[in-house]
Each structure stands twice: as C-alpha cells, then as structure tokens.
Amino acid sequence: MSISTPGGPERRPTVVSTGKKPAAGRPAAADKPAAKAGSGKAGGGKGTPRQGAGGKGRKPVTPVKVSQGRSWGPIALFVAVGVLAVGIIGVGAWAVYQGGQPWQKRAEAIDGIVDYRAKDKDLVKGGNHQPGAIKYDITPPVGGPHNQAWQNCMGDVYDAPIANEHAVHSLEHGTVWITYRPDLPADQVEKLRSKVQGKEKLMLSPFEGLDKPISLQAWGYQLKVDNADDGRIDDFIKTLRVNASIEGPNALCDQGVTATGTTPRDNLQNTMPQQPTQ
C-alpha cells in the first residue's frame, strides 16, 4: 500500500510499507526529519557531523599544543651570577683568613721563599756592626754582620750596584731590597721601579752574578723569580716590608748612604789622601 502527500515544492518521499517493524532502537525512516532543500547539511541541525563513507561522523579535531620548551638563557645567567657571588665570597673569606694570620705564616705560604731564619739562627741575630768589606756566603746577602751605616731606603732606585755591607743594615731596619741582573730588559726594570720608587723601606739596585733575573731580600728571607710580572713580588713586599725588621718599625731608612759602588764608605774614607796640616 502506498501513501503519498499532496504535491508541492516540499513533497515528502513516498513510504513503501514492507510489513516489517523497524529494528529496536532505530526510528523508522518516516520519523526522521527531512533535510531542507538546498541546505547541503544532513540532519539540518548545527553541530551535527556530516556523514561520510560508512555512515560514521568525523571526530572533532583536537588542537595541538606547541611546547615552548625551557628558557635556558635566564637560568644560565642566574647560575653564572650565583657562581660569581660564591667565588667573590670565597676569595674575600680567604683574604680575611690570610690577613688574620701572623706575618711569619704568610711568608711561609709564598711559593719559593727561602727562610734563612729557620736555616741559620746565628745569621739573623743582628746588631753585629763591622767596618770594611765583609764576605757573605749568601748572595745577595739576607743578614749577618754589616756596616754601621745603612743604605738609604726611602724608595731609592739605584742605577748601579751598591755595597752589600750597607744594604744588609737596611734589611735589619725592615727594608725589602730588590735586585736584578744588569741585563734585565728595560721594561722589566721599569716595572720594578714602579713598585719601589718613593716608598719607604724599599730600595732597588742591579746586582752582578745573580742566578735568577730578579732576587728579593728581607732580613732572613729571600725569593728569586724570573720576571717582574710575577705576583709573588707583591706578596713578598706586602708581607715582609717593615715586618721583617728586628729593630722595630721605627728604625730609620733616611739619613743613610746614597752613593753607589760596592765598597763600604768607611773604606773609602780610610783610603782618601790625608789633607796636609797647616
């Protein structure tokens, strides 16, 4: 039996009865709303997925999240600043610790320094004034008998060798005496000069026969280095200048001998011709 609807632009389709009941759970074809003509959409409702082959609807596309990753720049900067801060604190703490130690301990910590105070206690007794030339087993000398006159040590820079006998007396007063080979390059000599000139309890002079380019002396201590850029030079000066004196910090450095030459001044005076008496 056929049922038809009146004609018109929106004619319902003819439903042919087959005599069979629709399957359970599935509505009959006649119960489904018809799509509007020209709409192009199945079901006519918004959000209803279009059916493709096989009658299944398309699954909604899940948005893909793009991972930005870690920002390593700020992290690296933070780590670098932290390491730098720890380093600065560590250096400061070490400097405070070092500064709080006795100067003798700080002297022992200078790499390559020779402590003749420990090696020969008689050498560094001090107060042993002798006239004339004196033979020293250690050259440049670091202690022992010496002339009663000291070499001027107010930051004096001598361009020629000076007498050991006067220089040793200056060491006894707390001076650091820097010596160098006469053939040391001029730029190296200038660097040594800048460390010494005008600074009390320091003096500089060339010295013949050194086994190293530069040798530093304080009373009972010696350090030999290869060039004027060696950081131990500053350490030696800072640690032993004044401290190494066995006559106290007020021992004089001015009013001393200012002349160069390796012969003690009293010997020069004794060899000068006598003036005729009137």
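Predicted model: local features only at pLDDT ≥ 70, side-chain atom pairs only at ≥ 80, totals over all residues.

Student: How many salt bridges does a search of the whole structure find?

Tutor: The general idea is that side chains of opposite charge can pair when their charged atoms come close. Searching the whole structure here turns up eight salt bridges. Let's look at some of them.

Student: Which residue forms a salt bridge with Asp122?

Tutor: That's Lys125, with 3.2 Å between the closest N and O atoms. Asp122 and Lys125 are both exposed.

Student: Where do Arg193 and Glu190 lie?

Tutor: Both sit in helix H5, which covers residues 186-196. They are three residues apart, or about one turn of the helix, and their side chains meet in a salt bridge at 3.6 Å, N to O. Arg193 counts as partly exposed because its relative accessibility is 27%. Glu190 is also classed as partly exposed, at 45%.

Student: What about Lys224, which residue does it form a salt bridge with?

Tutor: Asp211 is the partner, and the closest N and O atoms are 2.9 Å apart. Lys224 is in strand S8 (residues 221-225), while Asp211 is in the loop between strand S6 (202-206) and strand S7 (214-218), so this pair ties together parts that are 13 residues apart in sequence.

Student: Is Asp211 buried or exposed?

Tutor: Exposed, because its relative accessible area is 52% and the cut-off for exposed is over 50%. Lys224, with 25%, is partly exposed.

Student: On to the patch. Which residues make the nonpolar surface patch?

Tutor: Trp72, Ile75, Phe78, Val79 and Val83 make it, and the patch is about 570 Å². Take Ile75 as a case: this residue lies in helix H1, residues 72-99. Ile75 counts as partly exposed because its relative accessibility is 36%.

Student: Now the other end of the scale. Why is Asn147 called buried?

Tutor: Because its relative accessible area is 2%, and buried means under 20%. You'll find Asn147 in the loop between helix H3 (116-119) and strand S4 (154-157).

Student: Which residues is Asn147 in contact with, leaving aside neighbours within four places in sequence?

Tutor: Going through them in sequence order, Asn147 is in contact with His129, Gln130, Pro131, Gly132 and Ile134, then Glu165, His166 and His169, and also Pro264 and Asp266.

Notes
Residues numbered from 1 in each chain as written. Heavy atoms only, no water. Patch = residues over 30% accessible without salt bridge, like charges linked within 9 Å, V, L, I, M, F, W, Y side chains within 5 Å. Areas by Shrake-Rupley, 256 points an atom, 1.4 Å probe, with all protein chains shown as cover. Salt bridge = Lys/Arg side-chain N within 4 Å of Asp/Glu carboxyl O. Helix = DSSP H or I, 4+ residues; strand = E, 2+ residues; numbered from the N terminus. Buried < 20%, exposed > 50% of the residue type's maximum accessible area, 1.4 Å probe, protein only. Contact = heavy atoms within 4.5 Å.
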